[in-house]
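Take a look at the model below. We will go through it step by step.

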Amino acid sequence: MLFLFKPYFIFIASWFFSVLFLLFAVTEVSFDNYILVVFVFLFSLSFFYVGASSSRYLKSNKIDLNGLNGGERCESYIFILLSFVFLIVCYNYYVFGPPPFLSHFGFKTLEYTVYGRFKGLLIPLLSAIAIINFYTKSIYLKLFFWGVVYFIFLLYVLRGPIIISLFQVTFFYFFTKYKYKKHDRNEYFRLLLKVSIVLFCFVLFFIVLGQNRSGFAHFYQHLKITDAAKDLYPISFLWISTYLSTPLSNFMWYFDTYSFFPEYDFSFLSRILPAFWASESSVIQNNLDSISDYTVDNVSFYLFYWFSSLGLLGVALVNVFYGLFSHILLRFNIFYPLIASCLMFLFFIDYVFYFSTIVEFFILLIYVQVYSKFFGRIK
């Protein structure tokens, strides 16, 4: 298999870019004890390997893996999913008014952060539709479904979810096309060129959407950009740099300040609950408040909740789970883009133990088991 698709490569790449952009120290509070950062990375990588190695013992010869890699007759299932999407969109329009993106056209709207309910269901519905849509037979229906999905993402100004969904769709395309195919050197080069072009488009889209969402002045102030960085780097570089490095910096301040062996609790599991059920631990919130002068934008890396609840044990466990799940789902075409996106965006938050991710997984699972012609291929 091409190295670009392997869990190790994605995991290390995400860490690499977070650490790389942290070195530029574009914010006034960028964490600067790089030896400690390297320690956390190596500690995480070692337990990721433990999880990956453990996956070998869970393989079963009783399941026809090819039968779980895709499906047909997806159009009816997509229409069912879209009906739920439209119910949520109509409800939010009735209760909250026009969606945030329409403010660019003179409509009076709420801020994207407070607009709407049921986003924890809306986002995985849209993301799952985008993946399942690969099995749509009609090219016109396929374009229509993708158009509806990303139009709604834009209406709600969901920058993070739309980027993750686009990553999943792009990854799914390359993964299914090049997973087992043998290539010569020129074809590898063409693949890397395609990936580079797609990555450039992702970055450009991210910058444009981000600037339309908050603007320059608010960006500089909110993210505590240094005067030197303002003069030295273009705004596009600062967008990327802060997005990739700020969560790691925030986490490292917490990691450096508080005990490796806290009073253990289970607040790290609160992220798997819907937003209206989830509650923040008062101890963790007080700890965050105490270091608020050193943190930016309330994002905290994929390790944060595990470390704040279980200390070093939590860091070890979450990396074991990432290694385990990624290598198990590597065998399933339709599920692997989901876990691959969790690995790629681990620099932001823990997306594996996250309500929207779990919902998306079960939407895909229901499609495979109920609506696919491959249902029942269990030997």
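How many residues does helix 10 have, and how far does it reach from its first C-alpha to its last? Helix 10 runs over residues 235-257 and has 23 residues. It reaches 31 Å, close to the 33 Å expected at 1.5 Å a residue. Keep in mind that this is a predicted model.

Helix 10 has a kink. The kink is about 35° and lies at Ser245. Of its 23 residues, 20 are buried, so helix 10 is largely enclosed by the rest of the structure.

Step back to the whole chain. The protein chain has 15 helices and zero strands. It counts 379 residues, and buried residues make up 52% of them. What about the contacts? Take those between residues at least 6 apart in sequence: 79% join residues at least 24 apart.

Next, turn to helix 6, residues 159-178. Its 20 residues should span 28 Å at 1.5 Å a residue, and its end C-alpha atoms are 28 Å apart, which agrees. Helix 6 is also largely enclosed by the rest of the structure, because 14 of its 20 residues are buried.

Helix 6 has a partner in helix 5, residues 139-155. The two axes come within 9 Å and cross at roughly 155°. An angle over 145 degrees counts as roughly antiparallel, so helix 5 is roughly antiparallel to helix 6. Which residues of the two helices make the contact? Helix 5 brings Trp146, Tyr150, Phe153 and Leu154. Helix 6 brings Pro161, Ile162, Ser165, Leu166 and Val169. Eight of the contact residues are nonpolar, one is polar and none is charged.

Is Ser165 buried or exposed? Its relative accessible area is 0%, so Ser165 is buried. Leaving out residues up to four places away in sequence, Ser165 touches Ser127, Ala130, Tyr150 and Phe153. Tyr150 and Phe153 belong to helix 5.

Finish at His327. This residue sits in helix 13, residues 312-329. His327 has 17% relative accessibility, so it counts as buried. Which residues is His327 in contact with, leaving aside neighbours within four places in sequence? They are Pro7, Tyr8, Phe48, Ala52 and Ser55. His327 and Arg56 are 271 residues apart in sequence, yet 8.5 Å apart in space, C-alpha to C-alpha.

Terms used: Residues are numbered from 1 along each chain as its sequence is written. This is a predicted model: local features need pLDDT of at least 70, side-chain atom pairs count only at pLDDT 80 or more; totals for chains, interfaces and linings use all residues. Side-chain values use heavy atoms; hydrogens and water are left out. Axes are lines fitted to C-alpha atoms, for helices over the stretch in contact, and angles run from 0 to 180 degrees between N-to-C directions. Helices (H or I, at least four residues) and strands (E, at least two) are DSSP runs, numbered from the N terminus. Angles under 35 degrees count as roughly parallel, over 145 as roughly antiparallel, 65 to 115 as roughly perpendicular and the rest as oblique. Contact means heavy atoms within 4.5 Å. Ala, Val, Leu, Ile, Met, Phe, Trp, Tyr, Cys and Pro count as nonpolar, Asp, Glu, Lys and Arg as charged, and the others, Gly among them, as polar. Buried means under 20% relative accessible area, exposed over 50%, partly exposed in between (1.4 Å probe, protein chains only). The expected span of a helix is 1.5 Å times one less than its number of residues. The bend at a residue is the angle between axes fitted to the seven residues ending there and the seven starting there.
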